[in-house]
Amino acid sequence: MSKKKLAASLRRIPDFPVKGICFMDITSLLQNPASFKEIVDSLYKTYKDKGITKVVGIESRGFIVGAALAYRLGAGFIPARKPGKLPYRTASQEYQKEYGTDSIEIHEDAITPDDVVLVHDDLIATGGSAGAAIKLVQRFNPRKIYASFIIELTDIGGRNALPEGIEVDSLLKMEEK
């Protein structure tokens, strides 16, 4: 399945979760076995030789492909969650969203300095949650950090909000409108 077909299969929902936001719904891609396989396989090909030891999936859609990708890479999976969702001691990072403030947490023992970490989410828009997840991972001083996304909204410029020195890859580059 081509990137063009993947992009055409993506569902756009206007004014969700708030007026003025066009939500890119990846569930239309995930429910199709061929497109789900294409997404995981494409990301696997990008990262298979990078020595990834942990994949951090950002809540909640980053869990879906992030977990599948961790499995394919033979890496551990770390859920980056909203506050109060993880049962053990956590480290957290606050960030700005298009429509408010939030924070993200991971377990304090999730990453070691020997790890090579891939931070994954379904979409990068403003870069708030991804930037926070990367900053949080940086506190653990892993050997290397990568970031991957299924969709990058290029007209919003979220890639520019990410910390410097992070290799970033996105499967589909699109505009919000």
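**Salt bridges in close-up**

The structure, a predicted model, holds 10 salt bridges, a salt bridge being a side-chain nitrogen of Lys or Arg within 4 Å of a carboxyl oxygen of Asp or Glu. Local features need pLDDT of at least 70 and side-chain atom pairs count only at pLDDT 80 or more, while totals for chains, interfaces and linings use all residues. Residues are numbered from 1 along each chain as its sequence is written, and side-chain values use heavy atoms, with hydrogens and water left out.

**View A. Arg 11 forms a salt bridge with Asp 25.** The closest N and O atoms of Arg 11 and Asp 25 are 2.9 Å apart. This pair links distant parts of the chain, with Arg 11 in strand β1 (residues 11–14) and Asp 25 in strand β2 (residues 22–25), 14 residues apart; helices (H or I, at least four residues) and strands (E, at least two) are DSSP runs, numbered from the N terminus. Arg 11 counts as partly exposed at 36% relative accessibility, whereas Asp 25, at 9%, counts as buried (buried means under 20% relative accessible area, exposed over 50%, partly exposed in between, with a 1.4 Å probe and protein chains only).

**View B. Asp 41 forms a salt bridge with Lys 37.** Their closest N and O atoms lie 2.5 Å apart, and the two residues are separated by about one helical turn because they are four residues apart in helix α3 (residues 33–47). Lys 37 counts as exposed at 52% relative accessibility, and Asp 41 as buried at 16%.

**View C. Asp 41 also forms a salt bridge with Arg 72.** Here the closest N and O atoms are 2.5 Å apart, and the pair links distant parts of the chain, Asp 41 in helix α3 and Arg 72 in helix α4 (residues 61–73), 31 residues apart. Arg 72 is partly exposed, at 34% relative accessible area. Salt bridges with shared partners join Lys 37, Asp 41 and Arg 72 into one network.
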